[in-house]
Amino acid sequence: MKFGGTSVEDAKAMDRTAAIVGGRRKKNLETIVVVSAMAKVTDQLLAAAAAAGRGDKAGALAISSRLRHRHVDTACELLDEQRFAALQVQIHAEFDALDDLLRGIAAVGELTPRTGDLVVSFGERLSSRMVAAAFDQRGLNGTHVDARTCIITDSNYGKAAPQEAAIEAKLTELVLPLVIAGKTPVMGGFIGSNAEGITTTLGRGGSDYTAALVGGGLHAGAIEIWTDVNGIMTTDPRICPDALRVKTISFEEAAELAYFGAKVLHPATILPAVQKSIPVWVLNSRNAENEGTKITAVAPPCKSPFKSIAAKKKLTIIDIVASRMLMTHGYLKAVFDVFDKFKCAIDMVSTSEVSISLSVDSNEKLPEICEELSKIADVKMEGSKALICMVGEDIRGHNGIAGRVFSAVSHVNLRMISQGASEINMSFMIDEEDVEEAVRSLHKEFFASPDEAIFDVAARVPVESRA
């Protein structure tokens with residue numbers, strides 16, 4: 001069971017989390033819990049690290065002080081006097097260590113990726129200790145496990161790759177005996193360590209990944225991702241108030257949605273689950289009675305061609321024009337080698353006889369990338385673009401889908417279009433300012449009469465009620 005930042009943001013949220021886990025334990029389900037840092041804590045730790053890196057020691061320590069008070073106040077509200085006294089000592093020790101680290105960064109005037117990982121690790125280290133103490137007080141036999149002893153990674157600081165064989169061995173050695181003994185292990189997500197024991201992180205959103213690695217490593221019966229929404233939706237309900245909960249979806253569909261902008265899941269989350277056919281549930285800690293979304297290897301057939309519409313903003317289109325070289329052997333390799341050199345992921349590619357157009361969301365290295373590309377082609381960039389991704393099983397098996405899609409967005413300028421690369425994904429690029437209008441038009445076209453076996457139609461708010 002993984003609980004995100006909003007599920008452990010304060011004492012009340014941690015109480016709800018304890019109640020949810022207690023419900024699982026009452027069903028005699030052996031449970032391992034992975035928690036994120038308290039809401040917004042990782043952002044504040046990043047800000048503190050950045051301030052220290054600029055030499056702003058006072059600013060960095062001020063952020064740390066505010067975080068210290070927040071954690072102490074939450075623990076005080078959460079725990080009885082005896083447990084609070086014990087945990088308070090640990091909280092102060094962690095923040096003393098953080099303060100020393102920030103002073104060191106400020107003195108050197110440089111923030112390295114390795115040191116940055118150590119700074120942001122404090123969020124999960126603290127939240128997992130607090131939640132474990134809360135579980136113990138509430139009769140759940142909570143016991144803290146430092147995730148860094150189990151989640152073994154490489155040394156790619158900031159976005160470390162897990163070493164799954166080593167992780168499985170450590171989980172079997174350190175966590176499985178606790179489960180067998182009737183304990184509820186609680187560990188922080190997102191953090192790990194390399195073979196030398198140096199702290200690493202899996203990248204933002206990595207707590208989901210930790211949960212999947214733990215579930216996969218111990219061959220769990222299910223992996224539950226607890227967040228603050230009722231599951232995967234047909235689109236962002238902030239754009240479409242009549243968005244529907246998707247009851248069940250395939251691993252492949254969920255992975256496409258996660259990569260192309262859906263915030264419910266980290267893109268890599270489900271890979272360990274796919275490999276071992278472990279179902280993943282996306283559930284709402286603020287509405288624990290809701291059935292959520294079940295992600296399985298094979299989803300049941302759906303009458304609708306699409307399950308969900310995702311939007312990914314802040315993209316840049318790069319047009320690469322080289323009329324004399326496009327068909328030359330090795331030209332495409334030369335182009336993509338440039339992106340590989342700068343470790344820049346590409347979202348979409350479209351080619352013609354004389355040009356290549358592609359989209360990227362990594363803007364930091366774009367000047368350097370374009371400078372390299374200009375050695376072999378003419379290069380143009382267009383920013384403030386967005387990708388609309390429509391996902392569903394067997395799109396190719398539905399006649400006339402493209403016509404319906406483009407009729408629904410006929411009033412929007414389409415910059416790039418892609419379908420053939422995936423049987424379950426139809427995507428196109430538009431201006432950022434057109435995203436909401438395009439998504440609403442597509443949702444109206446494809447989800448006006450939804451398949452009740454796949455979508456939670458009963459929860460849809462009638463139009464007259466919304467008015």
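**Ground rules.** I number residues from 1 along each chain as its sequence is written, and side-chain values use heavy atoms, without hydrogens or water. Since this is a predicted model, local features need pLDDT of at least 70 and side-chain atom pairs count only at pLDDT 80 or more, while totals for chains, interfaces and linings use all residues.

**Helix pair.** I looked up α10 (residues 331-341) and α11 (residues 366-373): their axes come within 10 Å and cross at roughly 155°. Axes here are lines fitted to C-alpha atoms over the stretch in contact, with angles from 0 to 180 degrees between N-to-C directions. Helices are DSSP runs of H or I, at least four residues, and strands are runs of E, at least two, numbered from the N terminus. So α10 is roughly antiparallel to α11 (angles over 145 degrees). I then listed the contact (heavy atoms within 4.5 Å): α10 brings Val-335, Val-338, Phe-339 and Lys-341, and α11 brings Ile-369, Glu-372 and Leu-373.

**Cysteines.** I found 0 disulfides, taking a disulfide as two cysteine sulfur atoms within 2.5 Å. For Cys-389, the nearest cysteine sulfur belongs to Cys-240, 15 Å away. Cys-389 is buried at 0% relative accessibility (buried is under 20%, exposed over 50%, partly exposed in between, with a 1.4 Å probe and protein chains only). Cys-150 is also buried, at 0%.

**Positive phi.** Lys-40 has phi near 75°. I placed Lys-40 in the loop between β2 (33-35) and α2 (41-53), and it is exposed at 60%. Lys-343 has a positive phi of about 50°. Lys-343 sits in the loop between α10 and β12 (346-351), exposed at 74%.

Definitions and conventions: Parallel < 35°, antiparallel > 145°, perpendicular 65-115°, else oblique.
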